[in-house]
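Reader: I'd like to learn how to read a few features off a model. Can we go through them together?

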Amino acid sequence: MTRNVRDRNDQEASGGGNAALSSCEFDLFAAVGRERPVRTGERLFRRGDTGEVMYVISHGRVELDFGNDLATKQLGPQEFFGELGLLIGEHTRSADAVATSNGTLVELGEDEFQQLVARDPHLVAQFLRRSITRVVLNEQSLIRQLRRRNQDLETALDNLYATTHQLNQTEELIRTDELTGLYNRRGLTLHLQECRRLGMKEAMGLVLVDCDRFKQVNDDHGHLIGDRVLQNIAGILRSVAGPDDVPCRLGGDEFCLLVSAQRREDVMRYAEFVVATTRNLLLLQQAVPTICPVSVGACLVEPEQDWNDWYARADAALYEAKRLGGNRAFWIDGLPPLPGG
């Protein structure tokens with residue numbers, strides 16, 4: 001077999017652009033290069049080092065680690081690496097090279113490369129073409145890996161966004177009353193905690209709303225009609241609430257409206273609007289009720305006091321409104337009397 005035919009067969013077997021030398025190339029490189037024994041675990045160079053030497057594996061194996069979660073390369077006999085250090089000169093290594101078994105390498109520097117050219121320029125030109133092809137293929141492989149990593153990162157970000165969205169929705173469900181869409185008691189508590197962290201300074205008003213004879217609506221017409229009545233009460237509170245006000249369903253047929261206000265008159269405007277609106281809707285009442293009368297207790301609250309103090313004061317006002325027959329708003333000044341006082 002002639003040398004050209006053997007070279008062509010070797011190239012076809014090695015895949016053309018990989019790191020393996022043909023038999024003729026290896027014989028030439030081994031004849032010119034310097035033999036270097038290596039032991040398992042021996043580091044040949046580190047990523048970022050500069051180098052002017054290439055290596056051919058005569059016996060044993062070498063691992064190239066490119067870092068950054070990129071795939072490592074395992075090289076064996078007749079495969080070469082570090083050639084850019086030889087061809088470019090003082091090239092920065094792109095990988096860590098470590099011997100993974102005892103073996104023998106062939107080292108080639110600039111002087112050895114000149115001897116290669118002098119001995120067989122055709123074979124060296126063939127090697128250079130393969131080296132260039134290998135660099136291009138490695139670059140394409142790196143681009144593919146980076147694209148996959150970018151796709152994985154985009155997928156992770158999409159998953160993170162979806163998870164965050166789900167958490168936000170879950171948080172909203174935790175805070176929100178399912179029937180009316182208003183804050184529930186937990187939502188109001190969390191809102192007050194957030195306000196206290198930011199520093200609550202201005203006085204506020206609390207309007208406590210309780211439906212009159214709501215049990216009769218449920219008993220006479222069923223819970224679906226009762227739910228619609230509650231939704232309509234919630235709609236009234238939502239319509240009167242300003243951007244800084246908080247309407248809430250505390251539970252059952254009890255609602256509240258926390259408003260930004262510093263005077264009795266300001267708070268009572270909210271309370272009287274709720275009562276007046278329900279009264280007007282009652283005038284339009286059909287056989288199936290859509291609204292019911294309400295009793296409302298109203299008061300001013302101090303930011304430094306806690307929710308229980310606020311609720312006790314508004315509840316005392318609400319009690320008076322119901323004691324007077326309901327379907328009205330009642331205002332209370334100061335703290336309610338202690339039980340038995």
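Predicted model: local features only at pLDDT ≥ 70, side-chain atom pairs only at ≥ 80, totals over all residues.

Reader: Where does Ser-101 sit, and what is the C-alpha separation between Ser-101 and Gly-60?

Author: Ser-101 is in the loop between β9 and β10. Helices (H or I, at least four residues) and strands (E, at least two) are DSSP runs, numbered from the N terminus. Gly-60 is 41 residues away from Ser-101 along the chain, yet their C-alpha atoms are separated by 5.5 Å.

Reader: On to salt bridges. How many does a search of the whole structure find?

Author: The general idea is a side-chain nitrogen of Lys or Arg within 4 Å of a carboxyl oxygen of Asp or Glu. With that rule, the whole structure gives 15 salt bridges.

Reader: Which residue forms a salt bridge with Arg-34?

Author: Arg-34 pairs with Glu-107, and their closest N and O atoms are 3.4 Å apart. This pair links distant parts of the chain, with Arg-34 in strand β1 (residues 34-38) and Glu-107 in strand β10 (residues 103-108), 73 residues apart. Arg-34 is partly exposed, with a relative accessible area of 37%, whereas Glu-107 is buried at 13%. They also belong to a network of salt bridges that links Arg-34, Arg-36, Glu-42, Glu-107 and Glu-112.

Reader: And which residue does Arg-43 bridge to?

Author: That would be Asp-96, with the closest N and O atoms 3.7 Å apart. Here too the pair links distant parts of the chain: Arg-43 is in strand β2 (residues 43-45) and Asp-96 in strand β9 (residues 96-99), 53 residues apart. Arg-43 is partly exposed, with a relative accessible area of 36%, while Asp-96 counts as buried at 16%.

Reader: What about Glu-320 and Arg-323: where do they lie?

Author: Both are in helix α10 (residues 307-323), 3 residues apart, or about one turn of the helix. Glu-320 is partly exposed at 21% relative accessibility, and Arg-323 is exposed, with a relative accessible area of 53%.

Reader: Now the inside. Which residues touch the most other members of the largest nonpolar core?

Author: In soluble globular proteins, nonpolar side chains tend to be buried together. A nonpolar core here is a set of buried Ala, Val, Leu, Ile, Met, Phe, Trp, Tyr and Cys residues joined through side-chain atoms within 4.5 Å. The largest one has 31 residues, and those touching the most other members are Val-207, Val-209, Cys-211, Phe-255, Leu-257, Val-294 and Val-296. Two or more residues come from each of β11 (204-211), α7 (214-221), α8 (223-240), β13 (254-260), α9 (264-283) and β14 (294-301). The most come from α8, which gives 8 residues.

Reader: Let's zoom in on Leu-257. Which strand is it in?

Author: Leu-257 lies in strand β13, and it is buried, with a relative accessible area of 0%.

Reader: Last one, backbone angles. What is phi of Gln-78 near?

Author: Most residues other than glycine have a negative phi, and most peptide bonds are trans. Gln-78 has a positive phi, near 70°, and is found in the loop between β6 (73-75) and β7 (80-81). Asn-327 also has a positive phi, near 55°, and its place is the loop between α10 and β15 (329-331). Gln-78 counts as partly exposed at 27% relative accessibility, and Asn-327 counts as partly exposed at 25%.

Conventions: Residues numbered from 1 in each chain as written. Heavy atoms only, no water. Buried < 20%, exposed > 50% of the residue type's maximum accessible area, 1.4 Å probe, protein only.
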